[in-house]
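Subject: Structure handover

Hi,

Here is the structure for you to look over. My notes come after it.

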Amino acid sequence: MPMKVYTESVQFKADQKLLDFIEKKLNKMDHYFDRIIDARVTLKLENAGQVKDKIAEVRLKVPGDVLVVKESQKTFEASIDGAVDVLKRQLIKFKEKAK
């Protein structure tokens, strides 16, 4: 059963392509740890001067804990990719500790 992915975009409307991308990426996390309860993604636009950075905050709820990663890149896709890489490492560590 795929985990529930909740995505919230702050002050803009995320398009379906982005939402699908996020869901696809996060559903791959099951390979690293199969007891993820759900994932909550918050997408924000950082308005610092001329450069608009895209911030993705991902919270993975696992039994007894919540893993939180915040990543900021030029595109939401890159932010999600970065966050997923960090979460992979955190999940592997979490799984090792749980053993």
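Predicted model: local features only at pLDDT ≥ 70, side-chain atom pairs only at ≥ 80, totals over all residues.

Residues are numbered from 1 along each chain as its sequence is written, and side-chain values use heavy atoms, with hydrogens and water left out.

Fold first. The protein has two helices and four strands. These are DSSP runs, numbered from the N terminus: H or I of at least four residues for helices, E of at least two for strands. Their order along the sequence is β-α-β-β-β-α. The radius of gyration is 14 Å, close to the 13 Å of the globule rule for 99 residues, so the protein is as compact as a globular protein of that length. That radius is taken over C-alpha atoms, and the rule is 2.2 Å times the number of residues to the power 0.38. The C-alpha trace spans about 45 × 25 × 20 Å along its principal axes.

Next, burial. Of the 99 residues, 32% are buried (under 20% relative accessible area, 1.4 Å probe, protein chains only).

Last, helix H2. It covers residues 76-98. Its 23 residues should span 33 Å at 1.5 Å a residue, and the end C-alpha atoms are 32 Å apart, which agrees. The expected span is 1.5 Å times one less than the number of residues. Buried residues of H2 include Phe 76, Ile 80, Val 84, Leu 87, Leu 91 and Phe 94. Ser 79, Gly 82 and Ala 83 of H2 are buried too.

Best wishes

Key
Buried < 20%, exposed > 50% of the residue type's maximum accessible area, 1.4 Å probe, protein only.
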